[in-house]
Amino acid sequence: MKRSPLPHGAAYAVLASLVGVVIVVSVAIFLTAGGSDDRPADRAHEARRSAAPAATGGWVGAWSTSPAVAEADTPQGLPGRSIRNVLHTTLAGSSARVHLSNLFGTTPLTVSHASLALAATPGGPAAVPGSMRALTFGGRSTVTIPAGRATVSDPVRFAVGYAADLMVTTYSPTPSGPVTLHPYARQTAYLANGDRVEDTEAGAYTTKSPYWRYVTAVDVWSTEARGSVVALGDSITDGVSSTVGANRRWTDFLADRLRSEPDAPRYGVLNQGISGNRILLGGQGTSPANNPSALERFDRDVLSRVGVRVVVVELGVNDILRRPKQTDPARIVAGLRQLVARAHARGVRVVGSTLTPISGHKGVVPEQEVVRQGVNTEIRAGGVFDHVVDFDRALRDPANPQQLLPAYDCGDHLHPSDAGYRAMADALDLDGLKSRPVAAAL
């Protein structure tokens with residue numbers, strides 16, 4: 001594969017500048033053709049109608065994350081602050097729309113100002129000139145999201161590039177309940193005092209954060225993609241040990257393969273990993289609502305995602321490791337079968353992974369290894385998933401198969417290194433991801 005002769009940051013800057021030019025030209029054409037009628041009701045209708053591209057295509061998920069917990073020490077939310085989340089896309093498109101969630105809020109969340117822009121540098125808080133877009137919701141700049149609910153913005157004309165860093169910025173002027181959070185973003189977000197939602201410069205964004213707040217997905221209008229693959233998993237899918245800001249989760253490497261390999265299905269990749277997640281039981285910390293189980297969140301985090309065609313399930317290790325620890329492999333497998341049956345009822349194909357090595361991790365005892373092997377035996381025997389990816393085989397040390405290969409070990413004997421995450425993506429048979437008719441249930 002040929003590599004850019006420019007340093008990564010410089011290459012990204014050139015690409016971002018080119019995309020910015022496309023955005024400016026597109027907006028100029030759009031505004032010229034839009035007319036001057038300024039009646040409020042007609043303007044809202046026209047904004048929604050005009051944002052739908054004329055070319056054939058459809059909405060597909062380009063990025064997502066799972067709402068995981070209520071942020072500690074935010075009983076009033078973060079009123080009076082602008083939150084700038086940075087997101088890395090897996091698809092290109094000509095328009096975009098943004099999903100926001102108040103899942104863990106206890107009172108309504110009012111967002112009075114929100115925007116979408118292209119980051120000027122990888123992971124940075126400054127925007128490409130001309131790329132800033134104000135978001136609307138039903139034609140209005142303000143939206144109130146009830147506790148436990150979510151919303152999606154109106155579409156905006158926006159030239160989204162593959163592997164681009166987008167910035168979704170929100171501002172809430174009033175107190176609300178706890179912030180809905182994804183805690184292990186492996187990506188830096190930024191906060192500013194006051195309403196700095198449409199600032200293109202970075203100066204006001206002086207506070208850095210390792211979290212994604214409120215934003216849960218970005219869809220793009222694509223004429224190329226035929227759907228999305230959703231990765232449902234725990235900290236290994238979440239990429240908890242990958243290099244911050246480098247986009248080296250196994251799902252990032254998979255997106256690269258789907259983009260570059262000629263016979264690969266043209267899918268977006270949606271990461272619905274939550275660190276500490278289990279199949280059977282939810283709850284974490286002081287709140288039983290935090291970190292909902294895969295069975296609890298499957299409809300919201302997988303089946304409701306735009307254009308989902310196939311799901312890759314990487315789960316089960318935490319059922320063995322976390323209290324109350326599961327000691328019967330059959331219970332874990334039964335939970336996996338429930339997920340598959342629910343996916344099949346919606347015509348979604350399911351690829352399942354074997355459970356990766358845990359020996360050597362703090363507190364692991366031989367009895368837990370027996371449970372892991374029992375689950376893997378059932379998965380490899382067939383009859384659980386439509387297709388199997390053997391992440392265990394891809395990551396284990398041939399000289400000591402109960403442990404990770406040292407080169408693939410981040411150091412805690414549980415989570416992969418960047419090289420390990422690449423090996424996981426390489427282990428996936430891309431033909432197994434291609435959507436095929438499935439039975440209604442197992």
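Me: What percentage of the 442 residues of the protein chain count as buried?

Reply: In this predicted model, 54% of the 442 residues of the protein chain count as buried. The secondary structure of the chain comes to ten helices and 23 strands.

Me: What makes Asn291 count as buried?

Reply: Asn291 has a relative accessible area of 2%. The cut-off for buried is under 20%, so Asn291 is buried.

Me: And what is there to say about the phi of Asn291?

Reply: Phi of Asn291 is near 50°, which is positive, and the residue is not a glycine. Most residues other than glycine have a negative phi. Asn291 is found in the loop between S18 and helix H5 (294-303). Ala163 is another non-glycine residue with a positive phi, of about 60°, and its place is in the loop between strand S10 (156-160) and strand S11 (165-172).

Me: How do you know that the peptide bond from Arg323 to Pro324 is cis?

Reply: Look at omega: for the bond from Arg323 to Pro324 it is near -10°, and the bond is cis. Most peptide bonds are trans. Pro324 is found in the loop between helix H6 (317-321) and helix H7 (329-345).

Me: What makes H4 a mostly covered helix?

Reply: Eight of the eleven residues of H4 (residues 250-260) are buried. These are Trp250, Thr251, Asp252, Phe253, Leu254, Ala255, Arg257 and Leu258. What covers them includes helix H10 (418-427), helix H9 (391-395) and helix H3 (235-238), together with S17, S18 and strand S19 (308-314).

Me: How do you know that strand S18 is mostly covered?

Reply: Six of the six residues of S18 (residues 268-273) are buried. Gly268, Leu270 and Gln272 point one way, while Val269, Asn271 and Gly273 point the other way.

Me: What makes S17 and S18 a pair?

Reply: Two strands pair if there are at least two bridges between them. Strand S17 (residues 228-233) and S18 have six bridges, so they pair, and they do so in the parallel sense. One of the bridges places Ala231 with Asn271 in S18.

Me: Which strands does S6 pair with, and in which sense?

Reply: S6 and S11 pair in the antiparallel sense over six bridges, with Leu118 standing opposite Leu166 in S11. S6 is also joined to strand S7 (residues 133-134) by two bridges, again antiparallel. At least two bridges are needed for a pair, so S6 and S7 count as one. In S7, Arg133 is the bridge partner of Leu116.

Me: What is buried on each face of S6?

Reply: His113, Ser115 and Ala117 are buried on one side, and Ala114, Leu116 and Leu118 on the other.

Me: Why do S2 and S15 stand at the edges of their sheet?

Reply: The sheet is open, with three strands in the order S2-S12-S15 and antiparallel pairing. Strand S2 (69-70) and strand S15 (212-213) each have a single partner strand, so one side of each is left without a neighbour in the sheet. S2 and strand S12 (residues 180-182) pair over two bridges, and Ala70 stands opposite Thr180.

Me: Which residues of the largest nonpolar core touch the most other members?

Reply: Val98, Leu116, Phe158 and Val218 do, in a core of 35 residues. A second, separate core has 33 residues, including Leu280, Ala294, Val371 and Leu414.

Conventions
Residues numbered from 1 in each chain as written. Predicted model: local features only at pLDDT ≥ 70, side-chain atom pairs only at ≥ 80, totals over all residues. Heavy atoms only, no water. Core = buried A, V, L, I, M, F, W, Y, C linked by side-chain atoms within 4.5 Å. Buried < 20%, exposed > 50% of the residue type's maximum accessible area, 1.4 Å probe, protein only. Helix = DSSP H or I, 4+ residues; strand = E, 2+ residues; numbered from the N terminus. Contact = heavy atoms within 4.5 Å.
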